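Please look over the structure shown here together with its sequence. The report that follows is meant to be read with both in view.

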Number of protein chains: 2
Amino acid sequence: MTDYKKWTLAKHPSGVPSEDCFALESFTPDAPQEGQVLIKTHYFSLDPGMRGRLSGDSYAAGLKIGDTIESAGIGEIIASGSERFAVGDMVMGGLGWTEAVLHPDRGLQKLDPALFDDKVAMTATIGVLGVPGLTAWFGLQDLGRPQSGETLLVSSAAGPVGATCGQIGKTLGLNVVGMAGGTDKCAYLQGLGFDAVIDYKAEGNLAKAIAAACPDGVDIYFDNVGGEMLDAAILNMKPKGRIVVSGQVSEYNREKPVGMRQTTRFITHRLRMEGLVVYDYAKQFPEAQAAMAAQIRDGKLAYKEDISEGIKDAPSEYAALFAGANFGRRLIKTI
Amino acid sequence: MTDYKKWTLAKHPSGVPSEDCFALESFTPDAPQEGQVLIKTHYFSLDPGMRGRLSGDSYAAGLKIGDTIESAGIGEIIASGSERFAVGDMVMGGLGWTEAVLHPDRGLQKLDPALFDDKVAMTATIGVLGVPGLTAWFGLQDLGRPQSGETLLVSSAAGPVGATCGQIGKTLGLNVVGMAGGTDKCAYLQGLGFDAVIDYKAEGNLAKAIAAACPDGVDIYFDNVGGEMLDAAILNMKPKGRIVVSGQVSEYNREKPVGMRQTTRFITHRLRMEGLVVYDYAKQFPEAQAAMAAQIRDGKLAYKEDISEGIKDAPSEYAALFAGANFGRRLIKTI
């Protein structure tokens, strides 16, 4: 069989994962046994939220040295030892940073090509219809408990979670304010229909900037960032405000976490803060995906993908995510 | 009329309120007009949670210079301009650090002396049946959402809120672990039926001490302290754990808040943290007070009062609360 390449963990990173944390290995996959399939990867994703698993501090046990780096991916069955999948089937699942993978026939979703077109690309299944979009959908609606007319503040708003969250907020009648870094991202958010945008790189005092953009205060803060940005948001929360902890990208690479300081506001303003693991909602995924796909076709939900070609650049593109380059869903195309 | 004394705000404190933040004034109250009553105070309380109002960072606007220091109190009507109250009635309300007060006939609760005896003292209405006890009752049951068999961790457990919370936890079938400073307080908690006690002053690594006392993890952390103790608790929370923010006594006197660092645990462990203002439950107070009074008579709910005589010592006793002296409800007896 052909030779393929994959990225494995060479050492546990401290701080932003440098390229020497990853090893590019060539391998020749075995033929699938019964209950297995061989998948040729077409696309895989680069996920900031996976960072914890590289150093082992996450909800599941972390990766060991030599393990293939994890990610969502889309691929084609090129050999099958399972009645569930035929050669040529397209599937979505946790394929990893690899050009091919020998996979059990479980944990894979068969993709019907008829459901995709120029409006909803197949890659959406690992983006706006995948973990980032579902995190926005369930985080905002289940933990945020939005009421029409309320103000939603979103951090990392130009990223795939934030941009989806803000747009869903608009469909729910919320006043949506996004925080992003740089004029390009801010212009993008205005184009998506955000009511106000804060360029945090241009602001000296973020708490004041939020107060100016949200003069009546914030009902829901959808937090992808953490740290000082979380503090600035809390200082602007209304009584009974809800904080959805979706991501903490400013924390993932720190040796010592910064956390937040405004805990007394939880008493004075009766705040609630709650964390989200999207897999808790797995049974409701199909319904949410159908609703979001309909919104995409109706022009109410736009999404953006940043696709790099070739497996070789995955580590450098991954590091770039933590340098504020989180603009659209970051994918690697491997074919 | 007689001369009385009251404590007013002389300057806004920074840090632990020093005695020069308070001024002891003599005054002669006016006779009550229609709709007013003159109350002679018997007892008033010293509340750590009121600290924020001295510097103005609380849910209500803070005190101004010259305002009487606020607190709950019990007193006797000595002159009445209201049909609601007769001379000799005992009432409970926000009387302040004062020997007497001219008060509107609203916001006062008439106390029926027949309801009190050697088991339930009238002072309980500003203690275990007042704000501290109600905070424990509603915080644990509404925000903590306890399930029988779960583990409850309580900080400042020998204080009036914490001790009540732990005992209510026992009536609900919880495994109750208290944190307090010193052997006296720890022995007191063991006498109350706490399953385990952590003397935080004797522990080098609090997170490890919690792990040893709660080997299966913590389902509910009832937090009266904040800061590093909150971090140590979070590191031991189970998935779907609940943090009730009842008080943040370690934060009230800090110029710069310490806050907490473990925000990423909110994602990895799906934690929820929620703050409490007990007045939100005002309509349910009578029912809760009746239930707690019954528990006191049944010997299931003990409470402790530390009563000092004379208004003069209120500022020094108040400062002592922040030095870890929060053992029992701290009251001043003014008659």
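## How the two chains are related

This is a predicted model, and what is said here should be read with that in mind. Chain A can be laid on chain B with an RMSD of 0.0 Å by a turn of 180° and a shift of 0.0 Å along the axis. The two copies are thus related as by a two-fold rotation axis. Both copies use the same surface for the contact, since 100% of the contact residues of chain A recur in chain B.

The contact takes 29 residues from chain A and 29 residues from chain B. On the side of chain A that touches chain B, helix 7 (265-268) and strand 13 (272-275) of chain A each supply at least two residues, and strand 13 of chain A gives the most, with four residues. Sorted by class, this side of chain A has 12 nonpolar, 11 polar and six charged residues.

## A sheet that runs through both chains

Where the chains meet, strand 13 of chain A and strand 13 (residues 272-275) of chain B pair in the antiparallel sense over three bridges, and R272(A) stands opposite E274(B) in strand 13 of chain B. This pairing belongs to an open sheet of 12 strands in the order 10(A)-9(A)-8(A)-11(A)-12(A)-13(A)-13(B)-12(B)-11(B)-8(B)-9(B)-10(B), in which the pairing is mixed. The edge strands are strand 10 (196-199) of chain A and strand 10 (196-199) of chain B, each of which pairs on one side only. On average, and with direction ignored, neighbouring strands of this sheet are turned by 15° against each other.

In chain B, helix 3 (residues 160-171) lies across strand 8 (151-154), strand 9 and strand 11 (218-223) of chain B, running at about 165° to strand 9 of chain B.

## Helix 2 of chain A and its surroundings

Of the 13 residues of helix 2 of chain A, 11 are buried, so this helix is largely enclosed by the rest of the structure. Among the buried residues are T135(A), F138(A) and L143(A). The buried residues of the helix pack against helix 3 (160-171), strand 11, strand 12, strand 13, helix 8 and strand 15 (329-333) of chain A. Just after helix 2 of chain A, R145(A) takes a positive phi of about 45°.

Helix 2 of chain A and helix 8 (residues 285-297) of chain A pack at an angle of about 100°, with their axes 11 Å apart. That makes helix 2 of chain A roughly perpendicular to helix 8 of chain A. In this contact G133(A), L134(A) and W137(A) of helix 2 meet F285(A), A288(A) and M292(A) of helix 8, a set with five nonpolar, one polar and no charged residues.

## Strand 3 of chain B and its partners

Strand 3 (residues 36-45) of chain B is mostly covered, with seven of its 10 residues buried. Seven bridges join strand 3 of chain B to strand 4 (residues 73-80) of chain B in the antiparallel sense, and here the bridge partner of L38(B) is A79(B). Strand 3 of chain B also runs antiparallel to strand 6 (residues 100-104) of chain B, over five bridges, with V37(B) opposite H103(B). A further antiparallel pairing, over three bridges, is made with strand 15 (residues 329-333) of chain B, where S45(B) stands opposite L331(B).

## A buried glutamate in a loop

E99(B) is found in the loop between strand 5 (90-93) and strand 6 of chain B. Because E99(B) has 26 C-beta neighbours inside 10 Å, this residue counts as buried. E99(B) and Y43(B) are 56 residues apart in sequence, and their C-alpha atoms are 8.7 Å apart in space. With neighbours within four places in sequence left aside, E99(B) is in contact with Y4(B), K5(B), K6(B), T41(B), I311(B) and T334(B).

Note on methods. Residues are numbered from 1 along each chain as its sequence is written. Chains are lettered from A and ligands numbered from 1 in the order in which they are written. This is a predicted model: local features need pLDDT of at least 70, side-chain atom pairs count only at pLDDT 80 or more; totals for chains, interfaces and linings use all residues. Copies are superposed by least squares on the C-alpha atoms of residues with pLDDT of at least 70 in both. Two residues are in contact if their C-beta atoms, placed from the backbone, lie within 7 Å. Ala, Val, Leu, Ile, Met, Phe, Trp, Tyr, Cys and Pro count as nonpolar, Asp, Glu, Lys and Arg as charged, and the others, Gly among them, as polar. Two strands pair if DSSP finds at least two bridges between them. Axes are lines fitted to C-alpha atoms, for helices over the stretch in contact, and angles run from 0 to 180 degrees between N-to-C directions. Angles under 35 degrees count as roughly parallel, over 145 as roughly antiparallel, 65 to 115 as roughly perpendicular and the rest as oblique. A residue is buried if 20 or more other C-beta atoms lie within 10 Å of its own, exposed if 12 or fewer, and partly exposed in between; C-beta atoms are placed from the backbone.
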